[in-house]
Amino acid sequence: MNIVKKVLFSSEQLEERIKELGAEISKDYEGKEVLFLGILKGAFLFMSDLCRHVQGKIMFDFMEVSSYGGG
């Protein structure tokens with residue numbers, strides 16, 4: 001059963017943009033330590049792809065959040 005109705009961006013387009021973001025972060029934070037802070041569990045794969053394209057010292061941390069009540 002395929003629930004995807006429309007693909008907005010190809011995997012190649014996503015990969016290229018992630019590379020561009022990694023290069024921008026590397027340039028903007030050259031000589032500085034970069035902390036990647038992600039919300040579990042959704043950010044993990046994106047952060048792992050992005051960090052591969054960032055030059056320099058990087059650290060990771062994650063937060064787990066939950067909604068309160070019925071929201």
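Where is the place of Lys41? Lys41 sits in the loop between β1 and α2. The model that shows this is predicted. Keep that loop in mind; the text returns to it below.

Start with the overall plan. The protein has two helices and two strands. Read from the N terminus, these elements follow the order α-β-α-β. The radius of gyration is 16 Å, well over the 11 Å that the globule rule gives for 71 residues, so the protein is more spread out than a compact globule. Its C-alpha trace spans about 45 × 35 × 15 Å along the principal axes. Of the 71 residues, 17% count as buried. The accessible surface comes to about 6,300 Å². Carbon and sulfur atoms hold 57% of that surface.

Now look at how the chain meets itself.

Next comes helix α2, which covers residues 44-51. Which of its residues are buried? They are Met47, Ser48, Leu50 and Cys51. Seen down the axis of α2, these buried residues fall within an arc of 165 degrees, so they line one face of the helix. An α-helix has 3.6 residues a turn, so residues three or four places apart point the same way. What does the buried set of α2 pack against? Its partners are α1 (11-28), β1 (34-39) and β2 (58-63).

Phe62 and Met1 are 61 residues apart in sequence. In space they are 33 Å apart, C-alpha to C-alpha.

Back to the loop between β1 and α2, where Lys41 has its place. A cis peptide bond joins Leu40 and Lys41, with omega at about 5 degrees. Most peptide bonds are trans.

Another lysine lies in another loop. Lys32 has its place between α1 and β1. Is Lys32 buried or exposed? Its relative accessible area is 53%, so Lys32 is exposed; the cut-off for that label is over 50%. Lys32 and Phe46 are 14 residues apart in sequence. Their C-alpha atoms are 21 Å apart in space.

Definitions and conventions:
Residues are numbered from 1 along each chain as its sequence is written. This is a predicted model: local features need pLDDT of at least 70, side-chain atom pairs count only at pLDDT 80 or more; totals for chains, interfaces and linings use all residues. Side-chain values use heavy atoms; hydrogens and water are left out. Buried means under 20% relative accessible area, exposed over 50%, partly exposed in between (1.4 Å probe, protein chains only). Helices (H or I, at least four residues) and strands (E, at least two) are DSSP runs, numbered from the N terminus. The arc is that of the directions from the helix axis to the C-beta atoms. Contact means heavy atoms within 4.5 Å. The radius of gyration is taken over C-alpha atoms; the globule rule is 2.2 Å times the number of residues to the power 0.38. Accessible areas come from the Shrake-Rupley method with a 1.4 Å probe; for residues, only the protein chains shown count as cover.
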